[in-house]
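Subject: Structure for your review

Dear colleague,

Please find below the sequence and structure that I am handing over to you. My notes on what was found follow directly after it.

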Amino acid sequence: MDPLAAIKVTFFQECEEQLAELESGLLAMEAGDTDSEIVNAVFRAVHSIKGGAGAFSLEALVRFSHVFETALDLVRGGAITPDQDVLKLLLRSADILADHVRAARDGGEVDEARSHAMAEELEALAGGGEGGGSAAEADDGFGDFDFKPLMVSFDEAPASEAPATEAPVAEVAPEPSGRSFIIRFYPQAALYQKANEPGLLIRELARLGEVAVEVDGSGLPNLAEMNPEDAYLGWRVTLTAPKADIAAVREVFEWVEGDCYLDIVEPAAQSAAAATAAPEIDATQPEVDVMALIRQAQEAVIPQAAAPAPASLEPAKAASPDASKAKEVALDAKAQAATREAGGSPQTIRVDLERVDRLIDLVGELVINQAMLAQRVAECGLQRASSVAMGLDDLEHLTREIQDSVMAIRAQPVKSVFQRMPRLVREIAAMTGKEVRLVMDGEGTEVDKTVIERLSDPLTHMIRNAIDHGLETPEERVAAGKPREGLVRLAALHRSGRIVIEIVDDGRGINRPKVRQIAIDKGLISAEANMSDDEIDNLIFMPGFSTATTISDISGRGVGMDVVRRSIQSLGGRITISSRPGQGSTFTLSLPLTLAVLDGMVVTVAGQTLVAPLTAIIESLQPKSGDVRQLGPNASVIAIRDTHVPLIDIGRALGYRQNSPSPTESVALLVEGEGGARAALLVDAIQGQRQVVIKSLEANYRPVPGIAAATILGDGRVALILDVDAVMVPKPLERAASGPSAQTELAAPAPSLLKAG
Amino acid sequence: MSTDAECAVVRLPSVVDLKAVGALQAEFLAVRGRPLDVDARDVTRLGGLGLQVLMSAKSTWRSDANDFRIVEPSEDFLKALQLFGAPHLEAAALEEPRP
C-alpha cells in the first residue's frame, strides 16, 4: 500500500471514531448534558473530519462537514440554543455526515437530495443564529473573527538570524484580572497537510481570553531555498484568560499536538514553583530562547520529518551551553507527557487484524503443543511432583495467561455495534411515525471482534422488529395508558463467561393468537397442536414465518427471525424470547466471548473422540433401563425427573454406526438447544472437560452437518466439535409441523476421515 | 532602496494555502531581481504557509536590495496578518501604492 493510501485508511478509521464521538456527544446533549466539554468534542469531531477530508480533496465530504461545522460552531458559541429540535437536526446531520464518510471510503454514493436538503436545514439554522463568528467563515478568510489584538512590538528579524532575545518568561507579569499563559507552537508540515491552520488555533486561543500574537520567522530560509510546503514559522501567543486553565489551553492543540512543537507556560505558576521548589535554578541567569533550544536539540537528534517525541528533548542538555535551562525544558516536556497520561486518554496503537489473528493462531498452536507435551510426560509415568511435571504446570499456567491476553487484544466493546443503533432507531421511528426512546446499557462490555462484526445484522433486525412490530403508535399507547414514547432498551453484560445482550421493548408484546393462527395458516403447525405460551412465542423463529400482514420497508426485507436465530447460532450463541401481552417483549442473546477457544466435554462415541460444547450441556447422567422408552423403530425418549426428552445416539446421528448400544451402558448428556428445547445425547463415555482451540472445518475441509468445528487434542488427533443444535432431532415444534428428519441429512458424511495422521 | 528595473506585479490568488504556495513561490522567483508589488486584493484566505512565503519573499527582496510591497490588501488579508501577529507585513501592505 502506498503511503498516501495508508494515511487515507487511517483517516477513515479516525473518521469512524470521530463519528462515534459526534453521535455520543449529541446524544448526551439530547439527554440534557450541557457540559461545554461535550459541545466542544462534538465540534471537534466534525472539524477533524473536515480537515482530513480537505487534505484528501473529498469535496462532497468537505462541503457537508463545512456546513455542519458552521452550525455546531454557533451552538458552541451560544448563538444557537441546542433545544430538542436543534439536536434532532444535528443528529440527522450526523447520519448524513456518516453517509458521506462511508461513500468517500467505499466509493458509494450519498443520497444527494437528502444531503442537500439537510445542508439547507443546517444553513437555515446557522442563518438564524445571532451573529458571532463561525469556524467555517473563519476558514474562508478569517471573516468575522472577533479578535482584539494586544499587539506586542515585533521588530522583524532578518530571516537568517535568530530573533531578538525573547522577553524573559518571568517578566510577562500576569494580568491582575486573570491567569496568563505563554504559548509557543511551531507547526510541522504535517499540520498543514492535514488541513489544519495556525490561524484557527490562534483564533481558538482568542476565545479563551485576550491574546497577543507574535510570529517567529527566525527559521525562514531564503525564498529560493525554501520548500513552500514545509513549515518554518512559529508563533508565540500570550494569553490572558480570567477563567482558562492550562488544560483548556492545551485542549486547543489537542488534535494537532502530534503535528507541532508545543510549549505552554504559565509564568505565574512557574515562578511560584521556582521560588519554592527549584532553588537550584539561577533566577539571575540570562534567559535563553527555550524554543531555540528545543529546535537545536531536535536538529541534533531527529530528522526534520520525524515525529516529535518529548524524550528527544533530553539531548538539549548536551547541545546547550545552559544546562539548567535545558533541564527545565526537558522536565517541562516530561510534565507535558505526564499531564497527557493523567489526562486519561489511553495510548493506543493500530495493528493490522491479520497480525493479531496470526498471533492468536500461534498461541492456539502453543496451547495444543503444551497439551501434547503434557500428555507425553504423563505417558512417561513421571510423578506429578517431579520437577518436569511441575515445570509443565507452570508452562500451562503461562500458556493460559498468554492465551487470555491475546484474546483480550481481539476483544472490543460492543459499543461499535451499539452506536449504529440510535441512527437506526431514529430512521425507523421516522418511517413508522412512532416515538421511540432508545436506552443503551453496557456498551463497554467486551467481546471478540468477530462476534461483534457478526452481531450487527441480527441486532439491526431485532431493533427494527422491536419498533415496527413491538411498539404501538403513540395514539395506541396513549389509549393503552402508556406514555406516547415507546422504550427500546439495548443492554449488554457478561454472565457466566458469555456475553448476554438483551433487546427489550415496552410495546404490545407478542400477539399469541395471531402468531398461532399464522403458523397454522402457513402449515407450520397443526391446528390441533397443544402449545405453551413459550412454544407459541418461539414460532416466530421458524423459517418463513412473518407476522406482518403487509411487507413493510422496515422489517419485511425477506429476513425473518429464523435468519436472526441462525446467525446467532452460527456464532455459538442462542436466542430466547419472553413476552408479556401489553407489556412488551424481551429478546435475550447469549454468545460466547470468543470464537477461538471453547470449553468442551470430551466424549467417546463409536471409537471416535468428540467434543460437546460445555455451554450446551445441562447435566450428564447414566440412563436407567426403566427411564428409556422406545418411540417407533428409530426414536426413543428418556425420562429425566418429571419430563421426557428425546434420546439421540450421537453415533447414529453422525453415521458412525447403524445400531445404538444399550442406553444403560452409555452416558447421556442432557443438552439445551438454542430454542430452549432439550434432548439427551447418548455417548459411550466421558473423557473429561477441556478447553479446546477451535479450528474451522469449513476453512480446512468443508462444512459437515452436525459438526461445528474441529480441534486438535493433546495426542495430536483431530477431534470434531459437535453442533448440538444440528444433531438434536427436530424440535417438537418442527416435528409437529412437517416432521423432516435431520438424521437423514446427518447420516451421509463420514467425519472420521478427518482423523489426523 | 530601489532599482531601475521595471516593477513586477504578482497578484495573489483568493486562497493562499498549501495548494497555492508552490506556484506562488515559482511566480515570485521568476521576477526576482526586480522591485515587486504583491497585489492582495483578491485574498479571502491566507494560511500559515502563504504567510511564510510572503515573509520569506519580503526578506529575500530586502536582502537583494529591492523593493517589496503589498498593494491593495483585501480586508480579509489584513485581518489574517493581524491574526498571525505579522505587523511588519501589515506595514508593507499599508504602504502607499507606487505612483
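**Findings**

Helices (H or I, at least four residues) and strands (E, at least two) are DSSP runs, numbered from the N terminus. Please note that this is a predicted model, in which local features need pLDDT of at least 70 and side-chain atom pairs count only at pLDDT 80 or more, while totals for chains, interfaces and linings use all residues. Residues are numbered from 1 along each chain as its sequence is written, and chains are lettered from A and ligands numbered from 1 in the order in which they are written.

**Chain B**

Helix α3(B) spans residues 75-83, and its buried residues are Asp76(B), Phe77(B), Lys79(B), Ala80(B), Leu81(B) and Leu83(B). Here a residue is buried if 20 or more other C-beta atoms lie within 10 Å of its own, exposed if 12 or fewer, and partly exposed in between, with C-beta atoms placed from the backbone. Of the 99 residues of chain B, 48% count as buried.

Chain B holds 4 helices and 5 strands, and from the N terminus on its elements follow the order β-β-α-β-β-α-β-α-α. Of the contacts in chain B with a separation of 6 or more, 82% come from residues 24 or more positions apart. Two residues are in contact if their C-beta atoms, placed from the backbone, lie within 7 Å.

An open sheet of 3 strands in chain B has the order β1-β3-β5, with parallel pairing. Strands β1 (8-11) and β5 (68-71) of chain B are at the edges with a single partner strand each, so one side of each is left without a neighbour in the sheet. On average, neighbouring strands of this sheet are turned by 25° against each other, direction ignored. Strand β1(B) pairs with β3(B), residues 36-39, in the parallel sense over 4 bridges; two strands pair if DSSP finds at least two bridges between them. Within this pairing, Ala8(B) stands opposite Leu36(B) of β3(B). Helix α2(B), residues 48-63, packs on the sheet and touches β3 and β5 of chain B, and its direction makes about 140° with that of β5(B). Axes are lines fitted to C-alpha atoms, for helices over the stretch in contact, and angles run from 0 to 180 degrees between N-to-C directions.

**Chain A**

Chain A contains 27 helices and 22 strands. Of its 757 residues, 38% count as buried. Among contacts in chain A between residues at least 6 apart in sequence, 68% join residues at least 24 apart.

Two helix pairs deserve a description. Two packed helices are described by the angle between their axes and the distance between the axes.

The axes of α14(A), residues 353-379, and α15(A), residues 387-410, come within 10 Å and cross at roughly 160°. That makes α14(A) roughly antiparallel to α15(A); angles under 35 degrees count as roughly parallel, over 145 as roughly antiparallel, 65 to 115 as roughly perpendicular and the rest as oblique. The crossing of α14(A) past α15(A) is left-handed, a term used if the near helix is turned anticlockwise from the far one by less than a right angle, with right-handed used if clockwise. Residues making the contact include Leu359(A), Val363(A) and Leu366(A) of α14(A) and Leu392(A), Leu395(A) and Ile402(A) of α15(A). By class, this contact of α14(A) with α15(A) has 16 nonpolar, 3 polar and 2 charged residues. Ala, Val, Leu, Ile, Met, Phe, Trp, Tyr, Cys and Pro count as nonpolar, Asp, Glu, Lys and Arg as charged, and the others, Gly among them, as polar.

Helices α18(A), residues 449-470, and α22(A), residues 561-570, pack at an angle of about 150° with their axes 10 Å apart. That makes α18(A) roughly antiparallel to α22(A), and α18(A) passes α22(A) in a left-handed crossing. In this pair, Arg454(A), Asp457(A), Pro458(A), His461(A) and Met462(A) of α18(A) meet Val564(A), Ser567(A) and Ile568(A) of α22(A). The contact has 4 nonpolar, 2 polar and 2 charged residues.

Strands β10(A), residues 574-580, and β11(A), residues 584-592, run antiparallel and are joined by 7 bridges. They form a hairpin with 3 residues between them, and Gly582(A) in the turn has a positive phi of about 80°. Ile575(A) has Leu589(A) in β11(A) as its bridge partner.

Yours sincerely
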